[in-house]
Structure formats: C-alpha cells, structure tokens
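Please look over the sequence and the fold before reading on.

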Amino acid sequence: MRKTLLSLLAAALSWTAAPQAQAADIQPADNGQALVNPGMGWTMHFYSNLLKNYGSKLAPSDVLDDFPGLSTVYLRLPWAFVQPEEDCYNWEIVDTPAQRWIQAGKRVAFRITATENWMQSATPEWVFRAGAKFYEVDGYKEPEYDDSIFLQKLDAFLERMARRYDGNPNVAFID
C-alpha cells in the first residue's frame with residue numbers, strides 16, 4: 001500500500017512539474033479569398049425534388065465560383081427518377097449535373113427519397129406492383145417502411161447505388 005501511495009505521489013509531482021506549453025498568437029495573412037472547408041460550410045441544392053428547382057436554372061457554365069465557401073452541391077431526387085423500372089437505372093440524372101461541379105473542384109452529395117408530397121409516389125411504381133404495401137395520404141402513396149418487399153427492393157437499390165458511388169472521392173455524403 002505504501003509503495004502504491006508513493007508511486008501516485010511521484011506521478012502527481014512529475015505531472016505538476018512538467019513545463020507549461022507556451023501560448024502562441026498566430027495571425028494568418030488575409031488573402032481576400034473565402035475559406036473552403038471540405039465537408040463543412042456551404043452546400044448548394046442543385047435541384048431538390050423537382051428537376052426544375054434551384055441550381056438547375058443556372059447556365060451550364062455557371063458553377064457558382066463567385067459564391068464564397070461553397071464546397072458541396074446537393075442533389076435530392078425521388079427514387080422513382082433514378083430507378084424507373086426494376087432493372088433500369090437512370091444514373092445520368094445524378095452523374096450529368098455532378099460532373100460540372102466536380103470539374104470545378106467541388107464535391108457532390110445525394111439524397112434519394114421514397115416519398116414526396118408533390119408527386120403521387122417517389123417510390124417507383126414497380127415496387128408496389130411487386131406487392132410492397134403502402135397507404136395513401138392526401139392522394140400520395142406512402143410506402144410501409146417495414147414491409148418486407150419494400151425493404152428487399154430498397155436494399156437492392158441501395159446496394160447498386162453503393163457499388164456505383166462508395167469510395168468515390170468526389171462524393172461528400174449520401175443521406
């Protein structure tokens with residue numbers, strides 16, 4: 001017991017006797033440019049749900065270089081737009097606008113939705129034809145998210161999307 005107490009006392013004394021770090025005052029020069037902090041800062045919605053929304057109205061050459069701090073362009077689309085039929089994928093709806101932003105040194109982010117309040121069904125109709133359950137809300141189809149057929153079809157889509165985009169350094173995130 002005495003040896004343990006002495007060891008603790010010696011450790012405490014050595015800790016308090018350690019030299020204190022010197023504070024430094026660093027003043028970086030202002031170069032007049034915005035800080036672009038990857039994974040943080042501004043994200044621009046290229047289109048959110050409707051293909052005619054937001055940045056899709058920009059001229060093809062406009063990559064918002066005059067928007068300080070913009071590092072990520074967000075593409076939010078209904079699943080039905082990306083996979084209109086079970087074995088048919090419309091990756092161009094994501095990849096085509098993404099390329100202009102990637103070529104400008106920006107990254108892209110994606111959200112694929114299964115329901116929307118502005119279209120009858122963001123989940124592809126073929127999923128419901130396969131037997132996935134849904135309920136209607138104000139004329140819109142809302143999938144039953146724990147339905148086994150819905151989950152099977154969604155898992156297959158997500159696996160295919162992951163094979164396409166996982167590990168791609170140009171993709172900031174997928175939510």
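The model is predicted, so local features are reported only at pLDDT of at least 70 and side-chain atom pairs only at pLDDT 80 or more, while totals for chains, interfaces and linings use all residues. Residues are numbered from 1 along each chain as its sequence is written, and side-chain values use heavy atoms, with hydrogens and water left out.

Start with the sheet. Helices (H or I, at least four residues) and strands (E, at least two) are DSSP runs, numbered from the N terminus. Two strands count as paired if DSSP finds at least two bridges between them. Strands of a sheet pair through backbone hydrogen bonds, either parallel or antiparallel. Here 4 strands form an open sheet in the order β1-β2-β3-β6, and the pairing is parallel. The edges are taken by β1 (42-48) and β6 (171-174), each of which has a single partner strand, so one side of each is left without a neighbour in the sheet. From one strand to the next the twist averages 25°; for this and other angles, axes are lines fitted to C-alpha atoms, for helices over the stretch in contact, and angles run from 0 to 180 degrees between N-to-C directions.

Within this sheet, β2 (residues 70-78) and β3 (residues 107-113) pair in the parallel sense over 7 bridges. One of the residues involved is Thr72, whose bridge partner in β3 is Arg107. Strand β3 is also joined to β6 by 3 bridges, again running parallel, and Val108 stands opposite Val171 in β6. Is β3 enclosed or open? Of its 7 residues, 5 are buried, so β3 is largely enclosed by the rest of the structure. Buried means under 20% relative accessible area, exposed means over 50%, and partly exposed lies in between (1.4 Å probe, protein chains only).

Helix α5 (residues 148-165) lies across β3 and β6 and runs at about 175° to β3. In α3 sits Asp95, which touches Arg164 and Tyr165 when residues up to four places away in sequence are not counted. The side chains of Asp95 and Arg164 make a polar contact of 2.4 Å. A polar contact is a pair of N or O atoms within 3.5 Å; within protein, one must be able to donate a hydrogen and the other to accept it, and residues adjacent in sequence count only if both atoms are side-chain atoms.

The largest pocket holds about 150 Å³ of space. On a 1 Å grid over the protein atoms alone, a pocket is an open set of points where a 1.4 Å probe fits, with protein on both sides within 12 Å along at least five of seven lines, and lining residues have an atom within 4 Å of a point. Grid points are joined across faces, edges and corners, and the volume is the space filled by probe spheres set on the points. Both β3 and α5 supply at least two residues each to the lining, and α5 gives the most, with 5 residues. Among the lining residues are Trp79, Arg111, Phe157, Met161 and Asp175.

Lys141 counts as buried, at 11% relative accessibility. Its side chain makes a polar contact of 2.9 Å with that of Glu125. Glu125 is in helix α4 (residues 125-129) and is partly exposed, with a relative accessible area of 31%. The two residues, Glu125 and Lys141, are 16 residues apart in sequence and 9.6 Å apart in space, C-alpha to C-alpha. Leaving aside neighbours within four places in sequence, the contacts of Lys141 also include Thr115, Phe128 and Tyr135.

Last, the backbone. Most residues other than glycine have a negative phi. Leu64 is not a glycine, yet has a positive phi of about 55°. Leu64 lies in the loop between β1 and β2 and is buried, with a relative accessible area of 13%. Asp138 likewise has a positive phi, of about 50°. Asp138 is in the loop between β4 (134-137) and β5, and at 71% relative accessibility counts as exposed.

Technical notes: Contact = heavy atoms within 4.5 Å.
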